[in-house]
Amino acid sequence: MATGTAADGVERTPSLTTPTMQAFFLLGFSVWLVATLAFRVAGQFLLHPNAPLVIGALYVVTVPAMLGLALVFYRWRRVSGAARLPAAIALVLPGMVLDTVVMAKFEAVFPNMVSASAPYFGGMLLLAYASVLLSVFVRRA
């Protein structure tokens with residue numbers, strides 16, 4: 001993987017053209033697509049403003065689920081140490097970019113959810129992406 005320090009002492013910038021980064025980018029897009037479709041089908045049951053306990057439970061489950069998913073991907077692709085940071089960035093980047101459009105067009109993308117669900121959905125997204133980035137700091141036992 002293209003991280004580390006070059007012979008002249010200058011750090012090399014990770015590239016999205018390496019097979020590992022492309023795999024994480026594709027995995028990130030796939031997770032985003034599956035999650036977006038799941039909320040398109042069942043979001044009204046998970047993020048309704050009148051169900052704060054359900055929303056709270058979803059938030060609580062999101063952190064370990066996304067952290068664990070990232071760790072599984074690292075293990076599967078044999079990514080460890082400092083190489084996790086660019087992998088985590090590649091994993092969250094597609095979803096973060098695409099979710100800017102999703103949030104701007106929330107009612108069109110999720111007609112099954114009331115518009116008052118948008119802030120809760122946005123909060124869940126932030127937790128999910130932060131959890132993946134946090135996975136960089138989890139040491140292997």
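Author: Serine 117 is buried, because its relative accessible area is 1%, under the 20% cut-off. Bear in mind that this is a predicted model.

Reader: Where does serine 117 lie?

Author: In the loop between helix H4 (106-109) and helix H5 (118-134).

Reader: And what does serine 117 touch, not counting residues up to four places away in sequence?

Author: Leu47, His48, Pro49 and Phe106.

Reader: OK, helices now. At what angle do the axes of H1 and H3 cross?

Author: Roughly 35°. The axes of H1 (residues 19-46) and H3 (residues 84-104) come within 7 Å.

Reader: Left-handed or right-handed?

Author: The crossing of H1 and H3 is right-handed.

Reader: Which residues meet there?

Author: From H1, they include Phe24, Phe25, Phe29 and Trp32. Among their partners in H3 are Pro86, Leu91, Pro94 and Leu98. By class, this contact has 14 nonpolar, two polar and one charged residues. Asp99 of H3 takes part in the contact.

Reader: Which helices supply at least two residues each to the lining?

Author: H1, H2 (52-76), H3 and H5.

Reader: How do the lining residues divide into nonpolar, polar and charged?

Author: 21 are nonpolar, four polar and one charged.

Methods. Residues are numbered from 1 along each chain as its sequence is written. This is a predicted model: local features need pLDDT of at least 70, side-chain atom pairs count only at pLDDT 80 or more; totals for chains, interfaces and linings use all residues. Side-chain values use heavy atoms; hydrogens and water are left out. Axes are lines fitted to C-alpha atoms, for helices over the stretch in contact, and angles run from 0 to 180 degrees between N-to-C directions. Helices (H or I, at least four residues) and strands (E, at least two) are DSSP runs, numbered from the N terminus. A crossing is left-handed if the near helix is turned anticlockwise from the far one by less than a right angle, and right-handed if clockwise. Contact means heavy atoms within 4.5 Å. Ala, Val, Leu, Ile, Met, Phe, Trp, Tyr, Cys and Pro count as nonpolar, Asp, Glu, Lys and Arg as charged, and the others, Gly among them, as polar. Buried means under 20% relative accessible area, exposed over 50%, partly exposed in between (1.4 Å probe, protein chains only).
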